[in-house]
Amino acid sequence: MAKKQRLDKVLSNLGYGSRAEIKRDCKKGLVRVNGKIENNPGLQVDTDKDIIVFDGETIDYKEYVYIMLNKPDGYISATFDKYDPIVLDLIDSKFLVFEPFPVGRLDKDTEGLLVLTNDGQLAHRVLAPKSHVPKTYYAKIDGVVTEKDIEAFKGGVVLDDGYETMPAELVILESGEISEIELTIHEGKFHQVKRMFESVDKKVTYLKRISMGGLKLDNNLALGEYRELTEEEIKLIEQR
């Protein structure tokens, strides 16, 4: 059962205007609750039960928003940046009123699955160092990836700053001068995938995240496209 809230707070939180603007709209008869014109912006409403209509549009109230974005190259995984476009630039304003933020980050030149939400507790559970939520990447590698690399990653490799990674699962899709691989890691150090391959004298030339936990990137989403997650998909994010 939802906690009751003021009508004007509900509408302003959803981007229908400021409290003062909502008050004026109520006086104009633009707001209906359960079929009746409501002039009182301070009315306590239950968003699970009450049907609220603003200027003919039935509102869909939600406390949290969960978005799957197929992040393109060139965008920063942040809510603000002075110099570069950010992933929120790709999102419609009707979602931005919820003030979503990226769950973790993808490098500017990395593509693929990025989850955005305003659910801070979920983000904390996913990103906490002890959570070890797996993340799988597809990559193109400059260099021949071999069974020796699989074994090295399985045991953990030492990065350029001396940090030893957790065991990771490397799958070779194609081995050659330009190899194609999938790599599953269980932590999120800065530039980790790139630095792991540097530790075995190879270079990542293309990187795309394809899954987080049990959540897989929707192949129907073109680069820059997004959609809301289903309730089942939300649960999959934390799957280990």
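I began with the second largest pocket, whose lining is made up of Leu14, Tyr16, Glu57, Thr58, Ile59, Asp60, Lys62, Lys94, Phe95, Phe98 and Glu228. The model is a predicted one. I looked up the volume of this second largest pocket and got about 240 Å³. Sorting its lining by residue class gave me five nonpolar, one polar and five charged. I then checked which elements supply at least two residues each to this lining, and noted β6 (57-58) and α3 (93-96).

By class, I recorded 14 nonpolar, eight polar and six charged residues in the lining of the largest pocket. Which elements each supply at least two residues of that lining? I found α4 (120-127), β10 (135-142), α6 (192-198) and β13 (203-212). The most comes from β13, which gives three residues to the lining of the largest pocket.

Serine 77 was my next stop. I placed serine 77 in the loop between β7 (66-71) and α3. Is serine 77 buried or exposed? Its relative accessibility is 11%, and the cut-off for buried is under 20%, so serine 77 counts as buried. I followed the side chain of serine 77 to the backbone oxygen of leucine 106, at 2.9 Å. Leaving out residues up to four places away in sequence, I listed the contacts of serine 77 as Lys71, Val87, Pro102, Gly104, Arg105, Leu106 and Leu114.

Last, I looked at the nonpolar cores. The largest has 46 residues, and I noted Phe153, Leu183 and Phe197 as those that touch the most other members. Apart from this core lies another, of 17 residues, including Tyr66, Met68, Val115 and Val126. As a general remark, nonpolar side chains in soluble globular proteins tend to be buried together.

I went back to leucine 183 for its contacts, again without residues up to four places away in sequence. I wrote down Lys135, Thr136, Tyr137, Phe153, Ala168, Glu169, Leu170, Val193, Met196 and Phe197 as touching leucine 183.

Methods:
Residues are numbered from 1 along each chain as its sequence is written. This is a predicted model: local features need pLDDT of at least 70, side-chain atom pairs count only at pLDDT 80 or more; totals for chains, interfaces and linings use all residues. Side-chain values use heavy atoms; hydrogens and water are left out. Helices (H or I, at least four residues) and strands (E, at least two) are DSSP runs, numbered from the N terminus. Ala, Val, Leu, Ile, Met, Phe, Trp, Tyr, Cys and Pro count as nonpolar, Asp, Glu, Lys and Arg as charged, and the others, Gly among them, as polar. On a 1 Å grid over the protein atoms alone, a cavity is a set of points where a 1.4 Å probe fits but cannot get out, and a pocket is an open set with protein on both sides within 12 Å along at least five of seven lines; lining residues have an atom within 4 Å of a point. Grid points are joined across faces, edges and corners, and a volume is the space filled by probe spheres set on the points. Buried means under 20% relative accessible area, exposed over 50%, partly exposed in between (1.4 Å probe, protein chains only). A polar contact is a pair of N or O atoms within 3.5 Å; within protein, one must be able to donate a hydrogen and the other to accept it, and residues adjacent in sequence count only if both atoms are side-chain atoms. Contact means heavy atoms within 4.5 Å. A nonpolar core is a set of buried Ala, Val, Leu, Ile, Met, Phe, Trp, Tyr and Cys residues joined through side-chain atoms within 4.5 Å.
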